[in-house]
Amino acid sequence: MNKNYDKNNIFAKILRSEVPFHKVLENDYALAFSDINPQSPIHILIIPKKAYLNFHYFIENGSTKEIEFFWKLVNDVIKLYKISMNGFRIISNSGDDGNQDVPHFHVHLLGGKNLGKMIN
């Protein structure tokens with residue numbers, strides 16, 4: 001666990017079932033759930049079940065199996081919502097400059113409409 005990891009962040013609480021959430025899918029290594037403030041018709045958050053601060057820390061320290069099954073779950077959610085043909089966006093914010101709100105690695109999976117250009 002990274003020294004900057006906050007064990008009381010909202011995703012850690014979700015993993016401990018201390019706060020309610022709407023589970024979409026899960027496997028042994030990752031959990032997918034609905035965002036409480038959706039930015040598109042489909043807005044799912046996917047998190048690893050272990051405490052990883054950000055993408056870099058997850059890739060550097062996660063096991064091959066954790067990394068593989070994390071991305072498999074992302075793809076399973078894409079299949080569940082049938083958004084592979086029309087498209088989707090995967091976003092991961094990291095650190096202060098990336099405006100990471102929750103200090104637990106996660107990706108946002110957005111879809112269900114044309115999301116427009118990300119950066120003009």
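Contact, in these legends, means heavy atoms within 4.5 Å. Everything here is a predicted model, where local features need pLDDT of at least 70, side-chain atom pairs count only at pLDDT 80 or more, and totals for chains, interfaces and linings use all residues. Residues are numbered from 1 along each chain as its sequence is written, and side-chain values use heavy atoms, with hydrogens and water left out.

**View 1. A32 and its contacts.** Leaving out residues up to four places away in sequence, A32 touches H22, K23, V24, L25, I44, L45, I46, L73 and V77. Across in β3, A32 stands opposite I46.

**View 2. Strand β2 and its two partners.** Strands here are DSSP runs (E, at least two residues), and helices are DSSP runs too (H or I, at least four), numbered from the N terminus. Two strands pair if DSSP finds at least two bridges between them. On one side, β2 (residues 30-34) pairs with β1 (residues 23-26) in the antiparallel sense over three bridges, and K23 has F33 as its bridge partner in β2. A hairpin of three residues links β1 to β2. β2 also pairs with β3 (residues 42-48), antiparallel again, over five bridges. How much of β2 is buried? Four of its five residues are, where buried means under 20% relative accessible area, exposed over 50%, and partly exposed in between (1.4 Å probe, protein chains only).

**View 3. The whole sheet.** Five strands make an open sheet in the order β1-β2-β3-β5-β4, with antiparallel pairing. β1 and β4 sit at the edges with a single partner strand each, so one side of each has no neighbour in the sheet. At the β4 end, β4 and β5 pair over four bridges, and I90 stands opposite L109 in β5.

**View 4. The nonpolar cores.** A nonpolar core is a set of buried Ala, Val, Leu, Ile, Met, Phe, Trp, Tyr and Cys residues joined through side-chain atoms within 4.5 Å. The largest one has 19 residues, and A32, I44, I46, F70 and L109 touch the most other members. A second, separate core of seven residues includes F11, L31, F33 and L45. In soluble globular proteins, nonpolar side chains tend to be buried together.

**View 5. S94 in its loop.** S94 lies in the loop between β4 (88-91) and β5. Is S94 buried or partly exposed? S94 is partly exposed, with a relative accessible area of 34%. Setting aside neighbours within four places in sequence, S94 is in contact with N54 and Q100.
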